[in-house]
Amino acid sequence: MTVRYAFMGTPEFATIVLNHLEAASMSPSLVITQPDRPRGRGRKLAAPPVALWAKERGIQLIQPTSCRDEALIAALDELRPEVFVTVSFGQSLPASILTLPKKGCLNVHASLLPKYRGASPIQSAIMAGEEETGVTLMLMDKGIDTGPMLAHARHRIDDEINAGALNFALAELGGALIVRELPRYLAGELVPVEQDEAMATVTRRLRKCDGCIDFRRSARAVHNHIRAVSPWPGAYAFLDGKRYKLLRARLHDCDGHPCGEPGEISVRSERMFISCVDGVIELLDIQPQSGVAMHVSECAHNFDCGAIFSNMEE
């Protein structure tokens, strides 16, 4: 397929989609991504993954601070793209951009729309206990993920998968979807379907405080929460005034035995269990404050049975 199109995206999720397009000989003519930003403890400027992808291949790259940037508008006017493909770009597109390509702007979104619009669809689906998610190819409009849908692909949410692993799985699925459906869309074979607003849900960008675990919830809800915030912002709770990162856990069958207080620790044979309001989770990996991540079997002996994890620092 030969088509002039611009690709707009920023994180690693978008580079995985780009890899699929490249493998299918469908690389973009122009790549647009976010500016370099300070990262890490040293706060040194670092290019986003999509910028590195484009530079490695010598594809024209623009990193505007605004979608109204003059250099961006000039490049788009010169290219006259038939379509835009956007994947986790991170900026809202004004009407002047949305109406520029002849065949509109397509977006690959990591949920089965209209559920989980917005900034954290993957994490929100896990936290809600969904058993299935997917990716949706849609036409963009002025709203946030509100445009007509063109195609979708489904993916089961395994009970042990976390947000980081699901992110990669959906990126691969999204890459395969756009490669399959973009030629069909350009040929006029896809019929846009309006979203059902009555079914819509909206997500927000996660904050560091969203990692705080409250064991006064069901074991299933706690398990989902830990998975949903891994790897970022990361699950945590407090014990004796110290903050512990709860890196990985699984549901545990109580075998009919009563649970302790919410947050109460039980240590048995180098294994650690934490009571919730209706059940127990088994903690598998933990990271003490100012310490390194480790399997619980390495440190379970340091915890007292009956101690209680709290969602508040004492």
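Guide: A pocket is an open set of points on a 1 Å grid over the protein atoms alone, with protein on both sides within 12 Å along at least five of seven lines. In this predicted model, local features need pLDDT of at least 70 and side-chain atom pairs 80 or more, while totals for chains, interfaces and linings use all residues. Residues count from 1 along each chain as its sequence is written, and side-chain values use heavy atoms, without hydrogens or water.

Visitor: What volume has the largest pocket?

Guide: About 1600 Å³. That is the space filled by probe spheres set on the points.

Visitor: What makes a residue part of its lining, and how many residues line the largest pocket?

Guide: An atom within 4 Å of a point. The largest pocket has 45 such residues, with P11, S88, G90, A119 and R205 nearest its centre. Among the elements giving at least two each are α1, β3 (37–39) and α6.

Visitor: Why is L177 called buried?

Guide: Buried means under 20% relative accessible area (1.4 Å probe, protein chains only). L177 has 1%, so L177 is buried. L177 lies in helix α6 (residues 163–186). Its C-alpha is 9.1 Å from that of V17, 160 residues away along the chain.

Visitor: Which residues does L177 touch, leaving out those up to four places away in sequence?

Guide: V135, T136, L137, A151, H152 and A153. Contact means heavy atoms within 4.5 Å.

Visitor: Which residues meet where α1 contacts α2?

Guide: E12, A14, T15, L18, N19 and E22 in α1 meet P49, V50, W53 and R57 in α2. The axes of α1 (residues 12–23) and α2 (residues 49–57) come within 8 Å and cross at roughly 30°.

Definitions and conventions:
Helix = DSSP H or I, 4+ residues; strand = E, 2+ residues; numbered from the N terminus. Buried < 20%, exposed > 50% of the residue type's maximum accessible area, 1.4 Å probe, protein only. Axes fitted to C-alpha atoms, helices over the stretch in contact; angles between N-to-C directions. 1 Å grid on protein atoms, 1.4 Å probe; cavity = no way out; pocket = protein on both sides within 12 Å on 5 of 7 lines; lining within 4 Å.
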